[in-house]
Amino acid sequence: MIGWVLLGAVVVASGRLVWRQRRAPWAGWRLAALLVLQAMTAGLLWCVLEPPRSLRGGATLVVMTARARGGGGGGVRVALAEADAPAAVEAAPDLATALRRHPETRRLLVLGEGLAARDRAAAETLPVVVGQVPPLRGLVRVVPPPQVAPGAGFVVAGAVAGVDGATVELVDPAGVSVDRAVPGAEGDFRVTGAARVAGTALFKLRVRDRRGRVAEQAAVPVWTVTGVPPQLLLIGSPGPEAKYLARWASDAGLDLRADLALGGGLAIGGAVPVSDATLGRADVAIVDERRWAAMGAGGRAALVAAVRAGLGLVLRIDGPVGAETRRQWRALGWRIVGEGSGAPVRLTRYHAVRAGPGTRDAPTNLSAPDRALPVPTRWAVRDGGGDSVPLIRDAGGAALVRWRALGRGRVALWTVADSWLLVLAGEGARHAEWWSDTVAAVARPRVEARATLPAIARAGQRMTMCGIAPGARVAGPGGAVRLLIDPATPGCAGYWPVTAGWHRLLPGGQPFFVQPEGALAGVAAAERREATGALAARPLTAAPGSRADAPGPVWPWFLGWLASAALLWWLERGRRVMDGRL
Amino acid sequence: MTAEVLLARWVRPARRRAVGVAVLGAMPAVIAAGVIAWRMAGWGVAAAVLAIGLAMLGWWAGRVRSLHGMGWAARRLDGRRDDMEDSAGLLLCDPAALGPLQRLQRARVEARLASGTPADLCDRWPVQRLAIGWGVAAAVVAVALMWPGADRGRPALARVTGEGVAAPGAPRLIGQRLRVIPPGYTGLAARDLRALDARVPEESHVAWTLRFAPQPARPVLSVDGGRVIALVRDGEGDWRGAVRLFRSILYRVQPVAGTRAPLHRLEMVADRPPRVRMLTPAEPLVVARAGQRRWALVWEASDDHRVAPFAELLLTVVAGDGEQVSVRERRMRVAGAGGRVRRFAVSLDLAGLGLSPGSDLIARLVVADTRPDPQRVRAPAAILRWPAAGGEAMGGLEAVTRRVMPAYFRSQRQIIFDAEQLLRERRRLASAAFLARSDAIGVDQRLLRLRYGQFLGEEAEGGPHRPALPTADAEPDEHGHAEGGAFGEAGDVTAEYGHSHDHAEAATLIDPDTKALLKQALGRMWQSELHLRQGEPARALPEAYAALRIIKQVQQATRIFLARVGPQLPPVDLARRMTGKRDGATGAALPLAAVGRDGLAEAAWDDIGESPGNLAALDRWLRSGRARVREPLKVRAAIDAVRREPGCARCRETLRALVWPALPRPAARIGRRGDGGLVGRRYLEAIR
């Protein structure tokens, strides 16, 4: 606007000069000088009124974050709160403050572990370059299990970096190491544990170096919660596999509808009609290949339709699979290879503690000599489409159970021929774990009203909670806090835990664990590094320099305008004097 | 050789002897003084005393040495030898300064000195005096070492941590020591502990020494369960208490009554009975070889402390067959070799034991540990069988059947013999031994009664109820038994006692008369057993005789068929078989009784969660008997710690760690997956 006004003024003034020239001609140079000076004065005035961003364009701000060392070349250098920089370096509590102090900044060079969450918003508009990055050490990624069902197994995955010859142990709340893993080449590891009754429990991850010393230890919160048991249709033929499957299902509290055909219209458990109504109510159906073949085209179509609508289907193989069934299963994505089962399932021994204390009738004897592990066999199956998810693997890495999505439901293929051997050999807990994992993976989804919380919460660090009701509170060791829902993001609120330990989200009592402040330092560093890297890698949509909030200094422009206006005045005055003389 | 040199040769041994006597004589005094100083004032003072003693000894030795000079030698020579003619002193004088007569005499003495040995000049060893000196010193040292009441060897009182905070000015525990003296038979040494928690052997003597500041009026140790151990103040201002431990206890140190101090745990480690293993023979039943004269037996016994050096070997020689069995018993003492693990080896002379073809020799070893009331353990019996002469000619089947152990139980006649024998020996036996033997005969009577009871289907004694057979037939009403059928019908007997749906051969058939007799016999055996087990064989005898008489009648009266053992399959309904008829056949429900959720355990685990609860649910679970906690005392101490300080996160963590191993692991349940919300559903539907 101002620019247009000034431009208009320049045009009008120039026109007036030219028109004046026609009436009383001047020396050519004077006219030219006046015209140039007018434009220049207007331009300088515009710069006074709307000062451009900076005189020193393209300045780089070197930001030192945690574990930053020197280097990074010239430029203004600031040390953020978490950096332990020498005293000579200018200290800033956060990046936004540093940018306010240095409005000329056009680029950020980040040294050290990276920008903390509080600084990332401030860096949004500037191009970021990552400089020196310290190597990571200890646990750099931990994925604690989400809620676990009672008695079920769970997996703690993660990665370790910078520990020579590391081994990772999972330690149960009693201090017994229940699983041990050696991280792979990338440092990835996976340890498994088993939950017990409903409630919260704190396991520990312990990283040991080559000499067996503890390099790092971190708490792994495990929340065990009993969900709504699914309805299970067990459609098949009688046999040990079906018997022990039914045994587990009833022990696990599933709503079991068994239909084990004896032939001649007789069935153990009572016949279950394969109809839309039955399948619509059920959550999982376990069908063996004989019943699949005997079901008829209509039954199979109903079953597949029910799966597309959300039913979970587990296909089980009890005997040789006919050519027709093979073709039909091929359409579902499973390819049965060869005849018969024969490949052994290789098992590793679990720590005896994992089986729990046992019952009064069958107590677990921890001091008993190890029993021989059973060797069940499996059917050779190939993934026809290549898009299935392996769910259970044996010690040799062969997938025993795979599943794939089909519409809203899922279809799993159980390839173990005789998993009941596990129960007879005293490995009943493993049998239950396998079936629990399989059924849980495919069962009809069920939306339970739970808040979405970050996987790892830390004391002294803000966390966001979503899916919470108005009036929710958090009860922790330090007392209860009411949550304020941000109107901009419905259902979400921020919470700033102060003390470490178990907290509960009320009402409902969903627990979450807050890690102590210094815990999982490697994970936090990896997070910062990753987020800073993402900042550096993002395409910058806004052009650099579009920051309107940091105008440059006005005074040089003002002086220039004053000088040019004075010169203009002098030249104009000289003409007037000349006019007077004429 | 000059005279001086000659004389020096004479002096040297004597001087050495004198110094030796002085040193040996004074040494015991120095040693004794050192030991006394060590017992009274410790190592530093003892070292100083020893150093001073040795210095004085050195000075004395030097003085003795200087006293035994040339002059002494000349005097001694004059005294000892007549041929010196009191002129040995001339040898010390310069010959030039002597008169001619003196010179002559000197030469004579010098010549005479060449004869004789220098050792003659030595004093004798004063053996008697030295022995007395050393003996007295040894006695003093022994007394000093064994002087009682000296507390020097024990560690000082340990400093106390974690006993909680007391109000200002209130008495507080500041020093502690626990002395554990295990019972003598364990052979374990007494030990001093710095902590108040300990695991101690059974029946140990446990003594506390506690120090409080400021001094309390009447501090006590209050044992969980209401008992109180009083503390007595000793001369040094410490408080002492002692107790003999017969069970594990939890206790608190209470300077002032009612203080809620932390619980301490004295866990009693029970003495285990010895374990016996038979090394030779490897099998319990051995068939004698032809011409075997001796039978070697070796057992190995081990104990957590010590095995008694002698074990008792019970030998039973059984001869005869059927009711004509004669039994002779002998007892032997067997000495074992070794310490913690002892081997008992014995070689039995078969002829000496009166073993003849067709008889068995049963050997059982009874091993005891060294407790005052020994724990006795009986090793599994080893049986040597001497086959009867005609036994081999029975064909191939014999090889299988002969080596199988028969069930050893005594006949009714034998029980009567035993009881009469016991009555005869009554005067010689202690009442406890008499009762034990009577009880043993009662056990035999019981076995016999159960054996005969089998013929009656064992239903009279609440034997195991036979479960319903898993048939697919619809159940008829209560097996359709004719209640109280007429006596004398064999089929009715089966129905009444057998509850069997199977065919006749699988049941035990007894005709009614025999059955009545058997019931009478069983009744008599009951009475006999009752009295025997109460230690009254005299009252048992008439009943036993009556039972024997009835059994004989049974034997004469009838034959008894025993049940064959085999799979108990439901009978095949031949009328319906292969006809394709399925009338009445129904699909069975799955016979599954689900193992329910353990609500108590869940509540208990929740109770020790993050919120400070009062642990009532945990108490309920522990009391329910379902919690299989390995260290109950530890758990109780941890519960107490949590109750004392509800805010103590570490105490809660400790309790959780103790309870976790006992938490049941239910059959793996199902966690339900989410569907990814609206976006997830749409996505899944779009990719079909």
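Mentor: Start at the hairpin of β8(A) and β9(A): five residues lie between the strands, and A:Gly175 there takes a positive phi near 90°. Strands here are DSSP E runs of at least two residues, and helices are H or I runs of at least four, numbered from the N terminus. This is a predicted model, in which local features need pLDDT of at least 70, side-chain atom pairs count only at pLDDT 80 or more, and totals for chains, interfaces and linings use all residues. Residues are numbered from 1 along each chain as written, chains are lettered from A and ligands numbered from 1 in written order, and side-chain values use heavy atoms, without hydrogens or water.

Strand β8 of chain A spans residues 167-171, and β9 of chain A spans 177-181. They run antiparallel, joined by four bridges; pairing takes at least two DSSP bridges. One link ties A:Val168 to its bridge partner A:Ala181 in β9(A).

Next, the open sheet of chain A. Five strands line up as β3-β2-β1-β4-β5, with parallel pairing. β3 (90-91) and β5 (128-130) stand at the edges; each has a single partner strand, so one side of each lacks a neighbour in the sheet. For β5(A), three bridges run to β4 (residues 105-111) of chain A, in parallel. A:Leu108 has A:Val128 of β5(A) as its bridge partner. Helix α12 of chain A (residues 521-537) packs on this sheet and touches β4 and β5 of chain A; its direction makes about 130° with that of β5(A). Contact means heavy atoms within 4.5 Å.

Helix α1 (residues 2-23) and helix α2 (residues 28-49) of chain A pack at about 165°, with axes 10 Å apart. α1(A) and α2(A) are therefore roughly antiparallel, the term for angles over 145 degrees. From α1(A), the contact includes A:Ile2, A:Leu6, A:Val10 and A:Leu17. From α2(A), A:Leu31, A:Leu35, A:Trp46 and A:Leu49 are among the residues involved. The residues of this contact divide into 13 nonpolar, four polar and no charged.

Last, confidence. pLDDT is the predictor's confidence per residue, from 0 to 100. Chain B has a mean of 78, with 81% of its residues at 70 or more. Over residues 391-407 of chain B, pLDDT is below 50. It also stays under 50 over residues 459-507 of chain B. For the complex, the predictor gives an ipTM of 0.79 and a pTM of 0.62.

Key:
Axes are lines fitted to C-alpha atoms, for helices over the stretch in contact, and angles run from 0 to 180 degrees between N-to-C directions. Angles under 35 degrees count as roughly parallel, over 145 as roughly antiparallel, 65 to 115 as roughly perpendicular and the rest as oblique. Ala, Val, Leu, Ile, Met, Phe, Trp, Tyr, Cys and Pro count as nonpolar, Asp, Glu, Lys and Arg as charged, and the others, Gly among them, as polar.
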